[in-house]
Amino acid sequence: MTYHFDFGWLIESLPVLLKGIRITVQLILIGAVFGVALGIACAWVRALGPKWLKPVVATYVELIRNTPFLIQLFFIFFGLPSLGIRMSELSAANLAMIVNLGAYSCEIIRAGIQATPRGQFEAGASLAMTPFQTFWHVVLVPALQRIWPALSSQIVIVMLGSAVVSQIAAEDLTFAANFIQSRNFRAFETYIVSTLIYLALAILLRQLLAGLGWMLFPRKASR
Amino acid sequence: MSLIAITEVKKRFGDNEVLKGISIDVAPGEVVAIIGKSGSGKSTLLRCINGLETIDEGSIVVAGAQFLPDEVHLKALRLKVGMIFQQFNLFPHLTAGGNVMLSQMVVKKTPKRDAEAVARKMLDRVGLAHKFDALPDELSGGQQQRVAIARALAMQPIALLCDEITSALDPELVAEVLAVVKELAAEGMTLVMVTHEMRFARDVCSRVVFMHQGRVHEIGAPEDVFANPRTPELRQFLGVQ
């Protein structure tokens, strides 16, 4: 082996790399917050909502869960302008991630809602709460607690999947890596660095989600 | 005037008629025990009074509030009658205090401080003032059921429905729950309870309703019902010859 490793490019490429990291982090934060919010709304519809709305949400969920993320992204960025809906690369990437996570998290959260004992709904009703008040104040938090590990995994999957937004020239971490590699021709070094950054981001995100769960859900004082 | 007027109530689940025309009037301050075999319709009747089940025929009026299956009427009805369940049904993510505060704040829009004051008072009333910050998981079954009673009381109902509230409890915990119920009865709360605690029914209740196959089979003062059962079905249920 005569290959000589060279990481000297790192210093001058640091600004590009940092911008890529910032955009990836931004994408996942926005995607996670709005995606899960959309997922909660859709899960409510599918589990407890008005009958007429159920087929609408079911169609959305099945459409997204049975098509590739890259195609969804292309459709939003290249397809929608034909209808006069134009947006920046970053907006398209954000929207695609929200829509994608919304569909997957809908099904995960719905499972949590449907595992709620009937007595919880009845207790809410007997205290004169409306069905929606019961859902919001009684059912939702324990339902999220039940499926929190699965939901956390899905958020991490979406974060890693965000790499494909570089395909529409959204300047995320993968875009930055490709850009740097095309300048320095140091493919091994560039991609090992970006791999490690993704790894670090994923671990950090999992920790963040675990911490959020720790704050959101009640814990026993003892034990 | 009766507080709860149940008139000719019929209820079907598909082809199965569970209530075949029930009429019972409950006066204010009365403590009524409903006894009977499982499948006799006693729990269904109780659930109808609180609107957890709709009725097919007849009428249920609680202190002037007619049972109608729409949100406005249901809310009015449920503000008047509280319900306590066999499985406690405490909200697992809230503390004992939070359980008692929630519906006050959500339904009655009571400010948090006032709701908390009421919650402390109600928990004190069931002997659990010191458990305000405990989660349901950290409480025994008897304590959980007492929190459920406090939670129902916090809405200031004029009547309480108790659906086999001691059936899921270990025998040694039954007494602490029944003591609370007994105290409520002594304070004049109107109670309708489905129960298997015959001794409690005999000691505390003003009237006993024996249900059999979806009908009121016998009704009367506990002395009469327990000492002189008139029908063979009740004699068999009570295990007397």
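## A walk through chains A and B

Start with chain A on screen: among its contacts with a separation of 6 or more, 78% join residues 24 or more positions apart. Bear in mind as you go that this is a predicted model.

**Stop 1: chain A as a whole.** Color chain A by secondary structure and you get eight helices and zero strands. Read from the N terminus, the order of elements is simply α-α-α-α-α-α-α-α. Along the principal axes, the C-alpha atoms of chain A fill a box of roughly 75 × 55 × 30 Å. Of the 223 residues in chain A, 35% are buried.

**Stop 2: a helix pair in chain A.** Now select α6(A), residues 131-161, together with α8(A), residues 187-216. Their axes come within 10 Å and cross at roughly 150°. Since an angle over 145 degrees counts as roughly antiparallel, that is how α6(A) runs relative to α8(A). The crossing of these two helices is right-handed.

Show side chains where they touch. On α6(A), pick A:W148, A:S152, A:I155, A:V156, A:M159 and A:L160. Facing them from α8(A) are A:Y198, A:L201, A:A202, A:L205, A:R206, A:L209 and A:G213. The residues of this contact divide into 10 nonpolar, two polar and one charged.

Stop 3: Step back to A:F185, in the loop between α7 (173-184) and α8 of chain A. Check its backbone: phi is near 55°, a positive value in a residue that isn't glycine. Is A:F185 buried or exposed? It counts as exposed, because it has 10 C-beta neighbours inside 10 Å.

**Stop 4: where A meets B.** Bring chain B into view. Here 19 residues of chain A are in contact with 22 residues of chain B. On the chain A side, α5 (118-126) and α6 (131-161) each supply at least two of the residues. That side of chain A divides into 10 nonpolar, seven polar and two charged residues.

**Stop 5: the sheet in chain B.**

β6(B) pairs with β7(B), residues 159-163, in the parallel sense over four bridges.

**Stop 6: a loop on the way to β10(B).** Finish at B:Q213, which lies in the loop between β9 (207-212) and β10 of chain B. B:Q213 has a positive phi of about 50°, although it is not a glycine. With 14 C-beta neighbours inside 10 Å, B:Q213 counts as partly exposed.

Definitions and conventions: Residues numbered from 1 in each chain as written. Chains lettered and ligands numbered in written order. Predicted model: local features only at pLDDT ≥ 70, side-chain atom pairs only at ≥ 80, totals over all residues. Pairing = 2+ DSSP bridges. Contact = placed C-beta atoms within 7 Å. Nonpolar A, V, L, I, M, F, W, Y, C, P; charged D, E, K, R; others polar. Axes fitted to C-alpha atoms, helices over the stretch in contact; angles between N-to-C directions. Parallel < 35°, antiparallel > 145°, perpendicular 65-115°, else oblique. Left-handed = near helix turned anticlockwise from the far one by under 90°. Buried ≥ 20, exposed ≤ 12 C-beta atoms within 10 Å, placed from the backbone.
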